[in-house]
Amino acid sequence: MTIETVVEAHQVRKSYGDVDVLKGIDLTVRQGEVVLVLGPSGGGKSTFLRTLNHLETPDSGTVTICGERIGYGEKGALRESRIALQRRRTGMVFQQFNLFPNMTALDNVAAGPVHVNRVPRAEARAAAGELLAMVGLADKTGNYPAQLSGGQQQRVAIARALAMRPQLLLFDEPTSALDPEMVGEVLDVMVRLREEGMTMIVVSHEMGFARAAADRVVFISDGVVVEDKSPDLFFAAPEHQRTRQFLDRIL
Amino acid sequence: MWSWEAFFSFLHDPLLLQGAWTTVWLTAVSMALALPLAVLVALGRASGFVPLRLVTGGYVWLMRGTPLLVQLVIIYTGLPQLGLRLGVITSALVGLVLNEAAYLSEIVRAGVLSVPRGQSEAARALGMPPWKVFRVVVMPQALRVMVPPLGNSFNGLLKTTTLVSVISVEELLRRTQFAVQTNFRVLEGLTAAALYYLAMTTLWGLVQRWLEARVGRGHQARPSSGRRTRNAALELETR
């Protein structure tokens with residue numbers, strides 16, 4: 001096998017009380033692949049994304065990232081402090097950005113390396129400055145999140161995730177909270193990451209991004225994967241009734 | 001009849017000055033010891049471990065449900081019956097710290113709950129272990145909410161220390177009572193003491209304002225002009 005498997009999710013299940021949110025989801029993502037996860041709201045796509053770094057603990061099933069089973073070691077379930085170590089490989093970008101409001105953009109980006117990897121602060125800040133330049137925010141390093149637009153905040157959040165040099169980036173509706181004119185600047189950064197070979201799983205309704213940058217579209221509805229194919233095939237020839245209904249509503 | 005002469009002599013009576021100093025350090029030390037204890041109690045009450053939750057909850061219930069005056073007398077005068085004999089200052093500190101920590105733990109709890117869940121999730125997603133999530137991300141933001149009520153508590157504690165005069169700690173009030181006994185100028189003596197308290201709480205008010213500005217960094221931030229951005233960048237380089 002020449003192409004490495006980054007994500008291997010097998011029969012992931014999760015329920016809240018009587019509600020089965022995930023009913024056994026399988027997903028395999030190879031290195032450098034960009035997977036767009038689509039589906040109706042409440043269908044379980046965000047919950048599934050969050051099980052990949054154990055922000056949600058699945059009730060059953062396995063998640064393996066770069067060959068390491070998440071949440072479990074040789075002696076069974078891991079403690080949160082050990083799961084934290086596993087999460088360093090996975091970056092996550094949230095719908096509401098979740099930047100730390102009491103830190104400047106630069107310190108937000110440096111936070112992971114400084115507090116998780118114990119990189120000296122000066123060194124981490126220098127690297128953070130380069131990352132902010134890469135997302136087009138070289139002149140905003142000293143700004144606090146409240147002084148930045150939504151699009152700028154989300155680009156800082158992407159830089160913050162990149163600072164940990166992750167093998168995988170998870171995006172949970174990264175453009176849903178943005179004003180329409182700011183969506184482009186965030187998608188541009190994501191397209192550029194794809195060109196650099198970053199493995200990404202993106203929960204989003206951005207059809208433009210799906211066509212331009214996704215290698216596969218995975219359609220999740222009612223807690224199961226309904227379709228998993230290339231964007232061209234997905235949009236041209238959806239096999240299932242549920243997929244067609246969904247596409248009719250959003251296109 | 002009011003005597004200005006007696007009033008001014010009380011104002012710079014070394015007896016009162018020393019008493020005021022005792023009041024200040026008693027307050028500061030009590031607060032400094034009560035705050036970490038309050039954080040532990042707040043964590044205990046939020047814990048998933050039920051016995052710990054019951055013990056810390058019971059402690060807060062007991063301390064807030066009984067008067068400090070009664071607690072102080074029990075500690076100083078009552079406990080020796082069980083063979084536990086504490087000095088005057090130790091008794092006062094134990095009483096003040098235990099009592100204050102119970103109230104402060106509620107402030108800490110409210111502060112921690114005020115931090116949006118997304119903040120700790122973002123920290124966890126970066127790979128921070130639980131105690132780092134708490135110390136680096138949650139606590140600094142909780143502090144912003146906590147500082148005004150904490151300052152209020154400090155102000156209150158400055159005056160609550162008058163209660164320890166009952167177990168014969170020579171703080172400002174007890175010293176004033178001593179001083180008054182020499183000439184029976186009660187009004188002048190206690191007015192002087194009241195002025196001391198007023199001076200202490202006023203000074204504290206200034207400190208509190210400075211603290212609030214410090215922990216509020218990033219929150220009052222407004223979208224900046226180009227000039228302000230450049231200043232911020234400069235500041236960063238010189239740091």
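The residues around the second largest cavity of this predicted model divide into four nonpolar, four polar and no charged. The volume of this second largest cavity is about 30 Å³. Its lining is made up of H54(A), P58(A), S60(A), G61(A), T62(A), V63(A), I70(A) and Y72(A). Strand β4 of chain A, residues 60-65, provides the largest share of this lining, with four residues.

A search of the whole structure for cavities of 30 Å³ or more returned two. The largest cavity holds about 40 Å³ of space. From chain A, the residues G91(A), M92(A), F94(A), R160(A) and A161(A) line the largest cavity, and from chain B the lining includes A122(B), A125(B) and L126(B). Three elements each contribute at least two residues to the lining of the largest cavity: β8 (90-93) and α5 (150-162) of chain A, and α6 (117-125) of chain B. By class, the lining of the largest cavity comprises six nonpolar residues, one polar and one charged.

At least two residues of the lining come from each of α3 (105-115) and α4 of chain A, and from each of α7 (130-160) and α9 (186-215) of chain B. Helix α3(A) accounts for the largest share of the lining of the largest pocket, five residues. In this lining, 10 residues are nonpolar, three are polar and eight are charged.

The second largest pocket has a volume of about 450 Å³. Of the 19 residues that line the second largest pocket, V112(B), S120(B), V133(B), F134(B) and V138(B) lie nearest its centre. Helices α2 (14-46), α5 (88-113), α6 and α7 of chain B are the elements that give two or more residues to the lining of the second largest pocket. This lining divides into 13 nonpolar residues, one polar and five charged.

Helix α6 of chain A was considered separately. This helix spans residues 180-195, 16 residues in total, and extends 24 Å from its first C-alpha to its last, close to the 22 Å expected at 1.5 Å a residue. Its buried residues are M182(A), V183(A), V186(A), L187(A), V189(A), M190(A) and L193(A). In general, an α-helix has 3.6 residues a turn, so residues three or four places apart point the same way. The other side of α6(A) carries the exposed residues E181(A), D188(A) and E195(A).

The packing partners of the buried residues of α6(A) belong to chain A: α4 (121-134), α5, β9 (168-172), β10 (199-203) and α7 (207-213). Helix α5 of chain A is also one of the elements that supply at least two residues to the lining of the largest cavity, and α4 of chain A likewise supplies at least two residues to the lining of the largest pocket. After α6(A) comes G197(A), which has a positive phi, near 90°.

Conventions
Residues numbered from 1 in each chain as written. Chains lettered and ligands numbered in written order. Predicted model: local features only at pLDDT ≥ 70, side-chain atom pairs only at ≥ 80, totals over all residues. Heavy atoms only, no water. 1 Å grid on protein atoms, 1.4 Å probe; cavity = no way out; pocket = protein on both sides within 12 Å on 5 of 7 lines; lining within 4 Å. Points joined across faces, edges and corners; volume = space filled by probe spheres on them. Nonpolar A, V, L, I, M, F, W, Y, C, P; charged D, E, K, R; others polar. Expected span 1.5 Å × (residues − 1). Buried < 20%, exposed > 50% of the residue type's maximum accessible area, 1.4 Å probe, protein only. Contact = heavy atoms within 4.5 Å.
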